[in-house]
Amino acid sequence: MVFMAKDASEKQAKFYAKARKELEKRLTNYRFIHSVSVADTAAAMAKVYGVDVEEARIAGLLHDWDKNHSDKELTERARKFGVTISAFEDDMVALLHAQTGACALAEEFSELSPKVIQAVARHTSAAADMTDLDMVVYIADMIEPLRTRGNLATLRELVGKISLEELFVKSYEITMKHLVTRHRFIHPDSLDVWNAYIQRERLNNEQAGSKQSISEQAGSEQEKDQRKNDNNDRARKG
Ligand SMILES: [Fe+2]
Ligand SMILES: [Fe+2]
């Protein structure tokens, strides 16, 4: 068993090195360094949140596989891979790099699991049913240390202090605010994702609230019983 684990990690390390080399050929230096930083951040976050570290590392590394393509090339690649381009994507072609990248990676590397491919595909617009791996890659892309936007410090400090889903919602909130502030288009799918998570947050809060009121009720019933017993004791003594 020990040997198997060692073999597996050696295989993963070899694959990571191979993929890193290929990536370096495709991206600008800036984008490549960002990708390595996302891989490290995703691996560190995966450790904290109990997600597969190697899957997080490789998905983080490869998430921007198609990032250096022009809008024209991305549109062509989307057609080639059968990625649906909605009317909105005409104005947001750059978003397509997540999906075309995922399709290209699935073709290029049979070693990649569908979970990793999905995390790459979801790193721009996200989805209403993000897996833990999807969330780790999405957040790592945003908070990796080379990103310098000021409001990310709070997000970085929250890693490990709140749940992964809460951290994801906070990250998504920052993205949405950023788009609104800069008067950028918001993809309708992104609004659906936002609404789905707000709905879940409300349900969770309601459930937590009703659990609290049940325990408060139970507490006050206990206090009442205790008072009754105390009175009975006093009456007996008197
Ligand atoms: Fe990206
Ligand atoms: Fe990125």
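This is a predicted model: local features need pLDDT of at least 70, side-chain atom pairs count only at pLDDT 80 or more; totals for chains, interfaces and linings use all residues.

Mentor: Start with the setting. The protein has 10 helices and 0 strands, and along the sequence its pattern reads α-α-α-α-α-α-α-α-α-α. The C-alpha trace spans about 90 × 55 × 35 Å along the principal axes. The radius of gyration is 24 Å, whereas a compact globule of 238 residues would have one near 18 Å. Of these 238 residues, 28% count as buried. Among contacts with a separation of 6 or more, 59% join residues 24 or more positions apart.

Now the part you asked about. Two packed helices are described by the angle between their axes and the distance between the axes. For helix H2, residues 29-49, and helix H7, residues 132-143, the angle is about 135 degrees and the axes are 8 Å apart. Roughly antiparallel would require an angle over 145 degrees, and H2 and H7 are therefore oblique to each other. The handedness of their crossing is right-handed.

The residues that meet can be listed from each side. H2 contributes Val38, Thr41, Ala42, Met45, Ala46 and Tyr49. From H7 come Asp132, Val136, Val137, Ile139, Ala140, Asp141 and Ile143. By class, the residues of this contact comprise 10 nonpolar, 1 polar and 2 charged.

A second pair gives a reference for reading the first. Helix H5, residues 96-108, and helix H6, residues 114-121, cross at roughly 155 degrees, and their axes come within 7 Å. That angle makes H5 roughly antiparallel to H6. H5 also passes H6 in a right-handed crossing. On the H5 side the contact is made by Ala98, Gln99, Gly101, Ala102, Leu105 and Ala106, and on the H6 side by Ile117, Val120 and Ala121. These residues divide into 7 nonpolar and 2 polar, with no charged residue.

To put the two side by side: the contact of H2 with H7 includes 2 charged residues, while that of H5 with H6 has none. The H2 and H7 pair is oblique, and the H5 and H6 pair is roughly antiparallel.

Terms used: Residues are numbered from 1 along each chain as its sequence is written. Chains are lettered from A and ligands numbered from 1 in the order in which they are written. Axes are lines fitted to C-alpha atoms, for helices over the stretch in contact, and angles run from 0 to 180 degrees between N-to-C directions. Helices (H or I, at least four residues) and strands (E, at least two) are DSSP runs, numbered from the N terminus. Angles under 35 degrees count as roughly parallel, over 145 as roughly antiparallel, 65 to 115 as roughly perpendicular and the rest as oblique. A crossing is left-handed if the near helix is turned anticlockwise from the far one by less than a right angle, and right-handed if clockwise. Two residues are in contact if their C-beta atoms, placed from the backbone, lie within 7 Å. Ala, Val, Leu, Ile, Met, Phe, Trp, Tyr, Cys and Pro count as nonpolar, Asp, Glu, Lys and Arg as charged, and the others, Gly among them, as polar. The radius of gyration is taken over C-alpha atoms; the globule rule is 2.2 Å times the number of residues to the power 0.38. A residue is buried if 20 or more other C-beta atoms lie within 10 Å of its own, exposed if 12 or fewer, and partly exposed in between; C-beta atoms are placed from the backbone.
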